[in-house]
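Have a go at each task before you read the solution.

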Amino acid sequence: MKFVSEPAIADKIRKMKQRVRWQDPLVVQRGIDQTRLVLDDGRTDEPEFSFLVVGDSGSGAHRTHNPQRQVAKLMLPHSEECRFLLHTGDVIYLVGSSEYYQQNFIQPYREFLLGGEQPQRIAYDQMVFRLPILPVPGNHDYYDLPLIFGLASLVTLPVRKLLGSKLDLDVGWHGSRQGDAYARAFLDYLKAFMLPSDLARHLDTHYTAKTETGRCLRYEPGHFTRLPNRYYTFRYCGIDFFALDSNTFNDPPPLPATREGEADRRVLEKRRVEMEQQKQQIMEDSAKLNPDEPSEAEQLDDMRVKLSQIDEIIVDIDKQLTSDKTTVIDTEQLDWLKQQLIESWHTKEVKGRVIYFHHPPYVTEATKWEQAQTLAVRSRLRDVLDAVAEAVGSLTDGRPLVDLVLNGHAHCLDYLQTMDTGHADSNINWIVCGGSGYSLRRQRTEGADLLEDQRLVARSHLFVGRNGHGSEKRRPYSCLRIDVKDGRPPKFIIRSLVIERYQGQWCDRQIQPFTI
């Protein structure tokens, strides 16, 4: 039984376009670029600045503790010095439901919100940020509940077993409605304007910033804090930031209709059955534990981690087994990224470039490197960067095309560098920041080196994730503070902020900053 369902990529794209009224005549008439924003805080011309990064945070209390709240408190002393917070996706678990924004986002981050003194009064679709929070959608922000979880199906045996379980899965009565909750929470939801006159007035009020691509949205901290689209770009103090929606270019190609393809299909089908059996056993075992006992509550947390891992594996397997489909790739977004990067390299005032999105192309967490989605995202990002490299030629002067890539999805902190990959993603710094609140994961047993066709393509220099066993188990939750120093290329000082749960207690964990 699947706990989650995922809409097709074509549906994700179509629904999100409807929500922002993509290329509406009133938008086009005004020459508005719906993929760009200007962060209007009065400080964009300063040569140096700092920002925060979190990811995969959107869980509520783990019965006896709340890791996301601990990470939020860890960031508070830095919030006055940092200009904004980037979120690498999975804002709300388990299925991106509007039901859970209050406890899984508004309450933990209340100090960053206007009116946060009384967070219970803040509606999820009316949030205004004191400190800009600039997210990208994660896979859970698009998830929905299978029909079996509807009221009409509550008498079925599998659901009765689930409800008898002691696992807190952060599941209510509905899911994200194909990403609608995320769109209402963070995007400028232009679909809500029924009258053309109201839409025109809104556009003339909030789309007043002027750039080389035309008018665009003006993001004003403490006043108007909406994003123009599910993917977007902004320039801050000479650094170009590109926020992507990797949920629409992570679809793996179907298995080939060959003897080898059929053999792979049988292996995947067998593994899927095994995964379902493991899920059922976890649910049965969890029913025997008492969540009010601290040691057993920790075991339940471990079971939830395992259940989440298994469900992600099943989703990945299902994507590969679906043979009666045409692989959909969000070429519009990828072409946009290519053109934006080319333009960025032709703009003299730009000193550096940062890309952030959910699914990591490079990662040493235990379950992600071999997933088909990882390969799909890596391949499609390489295609974009290869095309950019060809277009900009010697303009890079030997520098990598991108200074830093930030991701989530893997529930850990993982700093990697690519080697010579044979593509334009060589010699890039990658940081996976996905351990900011939800269940943590371990590093793969193969260690820090990543091989592709027997070729060393990347190496991890820092991994912070679940480790130890039994009473020695440690759960270090993390986020980042990144200080951008002036220069061409700029320097990024990476400060890992970590708070660890060990033997039922919280303690700060110090990690030496490093510079890239």
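Is Cys-412 buried or exposed? Cys-412 counts as buried, with 0% relative accessibility (buried means under 20% relative accessible area, exposed over 50%, partly exposed in between, with a 1.4 Å probe and protein chains only).

Before going on, a word on the ground rules: this is a predicted model, in which local features need pLDDT of at least 70, side-chain atom pairs count only at pLDDT 80 or more, and totals for chains, interfaces and linings use all residues. Residues are numbered from 1 along each chain as its sequence is written, and side-chain values use heavy atoms, with hydrogens and water left out.

**Exercise 1. Find out how many disulfides the structure holds, and look at its cysteines.**

Step 1. A disulfide is a covalent bond between the sulfur atoms of two cysteines; here the criterion is a pair of cysteine sulfur atoms within 2.5 Å. The structure holds 0 disulfides.

Step 2. Take Cys-412, which is in no disulfide: its nearest cysteine sulfur belongs to Cys-433 and lies 9.2 Å away.

Step 3. Turn to Cys-479. Its closest cysteine sulfur is also in Cys-433, at 6.6 Å, and that is too far for a bond. Cys-479 is buried, its relative accessible area being 0%.

**Exercise 2. Describe how helices α10 and α11 pack.**

Step 1. Two packed helices are described by the angle between their axes and the distance between the axes. Helices (H or I, at least four residues) and strands (E, at least two) are DSSP runs, numbered from the N terminus. Axes are lines fitted to C-alpha atoms, for helices over the stretch in contact, with angles from 0 to 180 degrees between N-to-C directions.

Step 2. For α10 (residues 331-345) and α11 (residues 372-392), the axes come within 9 Å and cross at roughly 35°.

Step 3. List the contacts (heavy atoms within 4.5 Å). On the α10 side the residues include Leu-334, Leu-337 and Trp-345, and on the α11 side Arg-380, Val-384 and Val-392 are among them. The contact residues divide into 12 nonpolar, no polar and 2 charged (Ala, Val, Leu, Ile, Met, Phe, Trp, Tyr, Cys and Pro count as nonpolar, Asp, Glu, Lys and Arg as charged, and the others, Gly among them, as polar).

**Exercise 3. Explain why strand β1 is largely enclosed, and find its parallel partner.**

Step 1. In β1 (residues 32-39), 7 of the 8 residues are buried, so the rest of the structure largely encloses this strand.

Step 2. β1 pairs in the parallel sense with β6 (residues 214-219) over 4 bridges (pairing takes at least two DSSP bridges). Ile-32, for example, has Arg-215 in β6 as its bridge partner.

**Exercise 4. Check the backbone at Leu-94, Pro-489, Cys-237 and Asp-397.**

Step 1. Look at omega. The peptide bond from Tyr-93 to Leu-94 is cis, with omega near 0°, and Leu-94 sits in the loop between β3 (85-87) and α4 (101-106). The bond from Arg-488 to Pro-489 is also cis, with omega near 5°.

Step 2. Look at phi. Cys-237 is not a glycine, yet has a positive phi of about 50°; at 6% relative accessibility, Cys-237 is buried. Asp-397, likewise not a glycine, has a positive phi of about 55°, but counts as exposed at 71% relative accessibility.
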